[in-house]
Amino acid sequence: MPTHDPKQNHLLSALPEPEWKRWLAQLEQVTLPLGKVLYESGGVQSHVYFPITAIVSLLYVMENGASAEIAVVGISLFMGGESTTSRAVVQSAGHAFRMSASAMKEEFKRAPVLHLLLRYTQALITQMAQTAVCNRHHSLDQQLCRWLLLSLDRLQGDELVMTQELIANMLGVRREGVTESALKLQKAGLIKYARGRIEVLDRAGIEARSCECYAVVKTEYDRLLPDRLSS
């Protein structure tokens, strides 16, 4: 195997000298063949990978088996949460360096605030990725339910002040579509909508009509940031 310089990886090259010296002794060069699965959704990551000449795709695999690419990774495959909701697959064969997850945890003990920020970033990325997947695979009714639930999680009470036009902009759809979906929820007795105010009357009913995406995002936030007040 040809020997590569770990600093070909942009993240490793940006490390301050004291950290670089500690990390260098724990880095292992590995070959990543095409199609290799580095980790599965929900699995515990045994190593942190730093691609050098390889490219890795992050895929979200849905309950029905459909998948969508959510990111192409060329820096690092670790944010601090020990597992993710995505599958990591080698898209272009090449080389990488890796460090054991246990060694990375020891580094986080040296900077607990950094660890917390990384966990928040991972939770936020999960929400962004799940939104992209949801917009591609799920109906507008399901997207609206997901959006209502995520919004309520960040507010006190069961009422949102939001026009249909703004909701349409948030979801990237036509206002008429939001109107139709909101009317369905209102007729089902799940919400009450009037003059730009949405009152959720039956949260459990909204959750039942939502897609899997809301539960994925909420579970990740609760796992990564269990003591958060709101996000």
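Valine 44 is exposed, with 69% relative accessible area. In this predicted model, valine 44 belongs to the loop that connects β2 (37-39) and β3 (47-51). Its C-alpha atom is separated by 9.3 Å from that of alanine 101, a residue 57 positions apart from valine 44 along the chain.

The side chain of histidine 4 takes part in a polar contact of 3.3 Å with the side chain of glutamine 8. A polar contact, also of 3.3 Å, links the side chain of histidine 4 to that of histidine 95. When residues up to four places away in sequence are not counted, histidine 4 touches Gln29, Ile52, Thr53, His95 and Phe97.

Glutamine 143 is situated in helix α5. With a relative accessibility of 5%, this glutamine counts as buried. A polar atom of the glutamine 143 side chain lies 2.9 Å from the backbone oxygen of histidine 138. Neighbours within four places in sequence aside, glutamine 143 is in contact with Cys134, Asn135, His138 and Leu171.

| Helix pair | Packing angle | Distance between axes |
|---|---|---|
| α5 (residues 140-152) and α9 (residues 212-224) | about 25° | 8 Å |
| α5 and α6 (residues 164-171) | about 105° | 11 Å |

The angle of about 25° between α5 and α9 means that α5 is roughly parallel to α9, because angles under 35 degrees fall into that class. The crossing in which α5 passes α9 is right-handed. On the α5 side the contact is made by Arg146, Leu149 and Leu150, and on the α9 side by Cys213, Tyr214 and Val217. Sorted by class, the contact of α5 with α9 contains five nonpolar residues, one charged residue and no polar residues.

For α5 and α6, packing at about 105° makes the helices roughly perpendicular, because that class covers angles of 65 to 115 degrees. The residues of α5 that meet α6 are Leu140, Gln143, Leu144, Arg146 and Trp147, and their counterparts in α6 are Ile167, Met170 and Leu171. The contact of α5 with α6 divides into six nonpolar residues, one polar and one charged.

Two residues of α5 may be followed across these descriptions. Arg146 is listed in the contact with α9 and in the contact with α6. Glutamine 143, buried at 5% relative accessibility, is among the α5 residues that meet α6, and Leu171 is one of the residues with which glutamine 143 is in contact.

Notes
Residues are numbered from 1 along each chain as its sequence is written. This is a predicted model: local features need pLDDT of at least 70, side-chain atom pairs count only at pLDDT 80 or more; totals for chains, interfaces and linings use all residues. Side-chain values use heavy atoms; hydrogens and water are left out. A polar contact is a pair of N or O atoms within 3.5 Å; within protein, one must be able to donate a hydrogen and the other to accept it, and residues adjacent in sequence count only if both atoms are side-chain atoms. Contact means heavy atoms within 4.5 Å. Axes are lines fitted to C-alpha atoms, for helices over the stretch in contact, and angles run from 0 to 180 degrees between N-to-C directions. Helices (H or I, at least four residues) and strands (E, at least two) are DSSP runs, numbered from the N terminus. Angles under 35 degrees count as roughly parallel, over 145 as roughly antiparallel, 65 to 115 as roughly perpendicular and the rest as oblique. A crossing is left-handed if the near helix is turned anticlockwise from the far one by less than a right angle, and right-handed if clockwise. Ala, Val, Leu, Ile, Met, Phe, Trp, Tyr, Cys and Pro count as nonpolar, Asp, Glu, Lys and Arg as charged, and the others, Gly among them, as polar. Buried means under 20% relative accessible area, exposed over 50%, partly exposed in between (1.4 Å probe, protein chains only).
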